[in-house]
Amino acid sequence: MQDTHQFSKWRARLWPVHGYELKKVIPMILMFYLVLFVYTILRDTKDMLVITGPGSGAEIIPFLKLWVNVPFAIIFTLTYARLSNVLRRNLLFYFIISGFILFFCLFSFVLYPWRDVLHADQLADYLETVFPIGFKGFIAVLRNWTFSLFYVMSGLWGSVCLSLLFWGLANHITQISESKRFYALFGMMGNLALPTAGYFVYYASQARESLSEGTDTWGYSLNIMTGVITIAGLLIMLVYWWINRFVITDPKLYLADLSAESKLEKLSLSIKDSLRLILNSRYLLCIAMLVICYGVCINMVEVTWKNQLRMQYPSPNEYNQFMGLFSTCTGIFTIFMMMFVTNNVIRRFGRTVAALCTPIVLLTTGGPFFSFVLFRDNVPNGWFILGMSPLMMTVILGSLQNILSKSTKYSLFDPTKEMSYIPLDPEKKVKGKAAVDVIGNPLGKSTGSLIQQVLLIIFGSLSAITPYVAAIALGFFAVWIVSAQSLGKQFRSLAKRGWSEQLKLTGKFKNGKSQERGFFNMMTLIAA
């Protein structure tokens, strides 16, 4: 009897899904897996292309994120606003996924093979004689413009397909009572994509080494990648069709508010209205500040780490192999966090504590990394593992920092951020989420990039600006923590109000106040 109770307890933690809910949960997990699988491949490849490109280095990333990512994000948001008023929700989903697939096919079969003809080498050579060395990253953006375009489209896949399309669908078909069981499960199972995609990247990098001399190795790799991305994109659309055909039509799995749905079809999703909505809503502003501060802090740490990584692995093959192993380790640790940490933290300590874990982990791991970068020349040789070089030790410390921070982000930051949208009314949920996810992400990274650009122009290199970057990041950590605490208080208030209204409409808890009070005590802990 005790063994049965223990089994039920572990099942409630690891698989808190009723039998009739499998028709909703399994397709959502599969979609999350496929989107993350593609994103992991693109993320590893885009960094390798721009950092190891001719005349380039890690200095290119701050310029890319400000002068390329932000304009493209704004253009996409304006385009999405127009299309949302013309196309139905399901057609818009298919259109966006198809657009990404077509671009990556175009890059693999046209832009990359013709890169020597298309790249602006002559212009870049001239600009190098005119501008100071601090503009090296900006010149590299222009020189390798096809790589820059691939970089921004790969980044948009994460912002659009993951944050806007997947989580928008999840928030659309999931109730608050279900989110506390499903969202952590989506993350835990979906993040299996990280180790599998990381192994695929590592395998593709090794396969290039066995090709005969004279073969375009990276063309071969891109063809493999494009084939996998195309298949995954088609499967994503197939899963989305299944959800619309068999889940949304099932009243046990989806309770539609027809009046709200008809109103949403008429909403104007312009960037101006969305930004005004954020600025006029303290709640949405706090969510935006979480996204922006994360973008600033992770960008400042990552650029410094990737600069060290570029020095350690100048070869594209070696760089991509390392990134494949890095993604695999990140995925394994994220799954561990999802299984044993996420649900326990949210249930025992509340949503606010879970949301605060990411900035605390970033802060406590980023500090030692920056310290080692600054003072490694003064570290005694006996401190290095097995005679490891100071540069390799820096790369490993940065890798550990990134693995811990990203796994915490995926397992705690993302689920708690997405839970924050659920108590909002339909207009704020759609417009506010589009602005926060598509604009907030690039804005956070571009803010960090702007700071780094100014410092690069003044001091000339990433190594010289490291102490200033570390000091500025501390200020954004403080804003991040204050915003997370404020959002937690507002979420609790909105959630309690929504539950009260739902109970009045459904007529539940007719047996007395004590049962209702127990329900509110349990849900208030989650909202804390």
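Guide: In this predicted model, the axes of helix 14 (residues 282-312) and helix 16 (residues 351-375) come within 11 Å and cross at roughly 30°, where a helix is a DSSP run of H or I with at least four residues, numbered from the N terminus, and axes are lines fitted to C-alpha atoms over the stretch in contact, with angles from 0 to 180 degrees between N-to-C directions. Residues are numbered from 1 along each chain, local features need pLDDT of at least 70, with side-chain atom pairs counted only at 80 or more, and side-chain values use heavy atoms, without hydrogens or water.

Visitor: Why is helix 14 called roughly parallel to helix 16?

Guide: Because roughly 30° falls in the roughly parallel class (under 35 degrees; over 145 is roughly antiparallel, 65 to 115 roughly perpendicular, the rest oblique), helix 14 counts as roughly parallel to helix 16.

Visitor: What makes helix 14 and helix 17 roughly antiparallel to each other?

Guide: The axes of helix 14 and helix 17 (residues 390-419) come within 9 Å and cross at roughly 160°, and this angle therefore puts the two helices in the roughly antiparallel class.

Visitor: Which residues does Asp47 contact, leaving aside its neighbours within four places in sequence?

Guide: Asp47 is in contact with Tyr151, Lys306 and Tyr319.

Note on methods: Contact = heavy atoms within 4.5 Å.
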